[in-house]
Amino acid sequence: MSIVVQGVTKYYGEQKALDNISFEIKTGEIVGFLGPNGAGKSTMMKIITGFIPPSSGKVLVNGVDTSESSIEIRKKIGYLPENNPLYPEMYVREYLNFTVSLYNSDIPAKKQIDNIIEVTGLAPEQKKKIGSLSKGYRQRVGLAQALIHNPDVLILDEATTGLDPNQIVEIRNLIRDAGREKTVMLSTHIMQEVEAICDRVIIIDKGVIVADEEKKDIYSKIARTSQVVLVEFDRETDESLLEALPGVVSAGRDKGNNWIIEASGDQDIRPAIFAFAVSNNLAVLSLQKKENNLEEVFRILTNG
């Protein structure tokens with residue numbers, strides 16, 4: 001295991017930020033680490049990276065205890081904090097050269113810098129001052145400093161905050177590529193990022209883990225007592241007729257001839273809707289059951 005967290009508790013004075021947290025992350029996994037503001041996410045990441053110690057419990061990174069060898073741990077970890085602290089008056093290559101100098105590496109600095117500039121797509125901006133870069137390119141510089149020493153573990157806190165859709169896709173691809181051979185822990189409030197990138201999801205609330213599942217299994221953490229179906233007919237129909245179908249609780253028009261139909265119980269209502277369409281000479285242009293999504297799972301598990 002690249003990261004092993006064993007019974008970690010953290011107090012800030014009288015306030016308990018983390019309460020007996022335990023989990024393991026393997027090499028090659030990209031794990032989404034989610035939670036509402038104040039849940040303890042940043043505290044956990046700072047403990048893993050060796051910036052602060054736990055009050056009790058321990059964290060191992062590649063078998064090394066972070067409390068005993070924090071300097072050694074930092075050689076193995078690439079960390080992009082939420083506020084992406086950079087030196088705006090420095091040029092991109094100058095900053096990356098400074099970053100390389102912090103690590104003892106047998107690889108020539110120029111080779112490391114050239115490689116990371118290519119990997120992160122910084123070539124067009126490499127001769128500019130960081131302060132003059134767009135938000136997207138500043139995020140790339142932050143990722144470059146996190147990756148430049150080829151760490152085994154990558155810790156990313158809100159890596160895509162403030163980026164436009166094109167920049168998000170580019171950063172997402174960078175993270176996915178890194179996750180093929182590294183352990184990646186990604187904290188974000190953007191659920192689409194987790195659904196697009198991550199293999200596994202850990203959700204923390206009030207310092208306690210409330211879910212730790214493979215992404216494909218996380219949706220089963222909540223059970224529906226009703227079902228929602230989205231249907232589009234080719235022409236007008238009457239709301240009262242739809243609401244008269246067995247099990248239907250409500251039927252509301254979305255737009256045009258699109259309807260949102262809610263039914264009680266777990267028996268699939270779609271065959272009844274299709275039969276209704278046939279008997280009323282309606283063509284069904286689309287018919288789909290609304291599934292649980294990660295945002296809904298998150299909201300229910302964290303009482304949002």
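Axes are lines fitted to C-alpha atoms, for helices over the stretch in contact, and angles run from 0 to 180 degrees between N-to-C directions.

On the α5 side, the contact (heavy atoms within 4.5 Å) is made by Gly136, Arg140, Leu143 and Leu147, and on the α6 side by Gln167, Glu170, Ile171, Leu174 and Ala178. By class, five of these residues are nonpolar, two polar and two charged. Here Ala, Val, Leu, Ile, Met, Phe, Trp, Tyr, Cys and Pro count as nonpolar, Asp, Glu, Lys and Arg as charged, and the others, Gly among them, as polar.

## Basis of the model

The model is predicted: local features need pLDDT of at least 70, side-chain atom pairs count only at pLDDT 80 or more, and totals for chains, interfaces and linings use all residues. Residues are numbered from 1 along each chain as its sequence is written, and side-chain values use heavy atoms, with hydrogens and water left out.

Helices (H or I, at least four residues) and strands (E, at least two) are DSSP runs, numbered from the N terminus.

## Packing of α3 with α5

Helix α3 (residues 92–101) and helix α5 (residues 135–147) have axes that come within 9 Å and cross at roughly 25 degrees. The helices α3 and α5 are therefore roughly parallel to each other. Val92, Tyr95, Leu96 and Thr99 of α3 make the contact with Val141, Ala144 and Gln145 of α5. The residues of this contact divide into five nonpolar, two polar and no charged.

## Ile175 in α6

Ile175 lies in helix α6 and has a relative accessible area of 1%, so Ile175 is buried (under 20% relative accessible area; exposed is over 50%, partly exposed in between, with a 1.4 Å probe and protein chains only). Not counting residues up to four places away in sequence, Ile175 touches Ile30, Leu156, Ala159, Val184, Leu186 and Ile197. Between Ile175 and Gln227 there are 35 Å in space, C-alpha to C-alpha, and the two are 52 residues apart in sequence.

## Helix α1

Helix α1 (residues 41–48) is mostly covered, with six of its eight residues buried. These buried residues are Lys41, Thr43, Met44, Met45, Ile47 and Ile48. Just after α1, Gly50 takes a positive phi of about 85 degrees.

Leu60 belongs to strand β4 (residues 56–61) and counts as buried because its relative accessibility is 18%. Neighbours within four places in sequence aside, Leu60 is in contact with Ser2, Ile3, Val4 and Asp65. Of these, Ser2 is 58 residues from Leu60 in sequence and 7.7 Å away in space, C-alpha to C-alpha.

Thr302 is placed in the segment after α11 (294–301). With 8% relative accessibility, Thr302 also counts as buried. The side chain of Thr302 reaches the backbone oxygen of Phe298 at 2.6 Å. Leaving out residues up to four places away in sequence, Thr302 touches Pro36, Ile203, Ile204 and Asp205.

Conventions:
A polar contact is a pair of N or O atoms within 3.5 Å; within protein, one must be able to donate a hydrogen and the other to accept it, and residues adjacent in sequence count only if both atoms are side-chain atoms. Angles under 35 degrees count as roughly parallel, over 145 as roughly antiparallel, 65 to 115 as roughly perpendicular and the rest as oblique.
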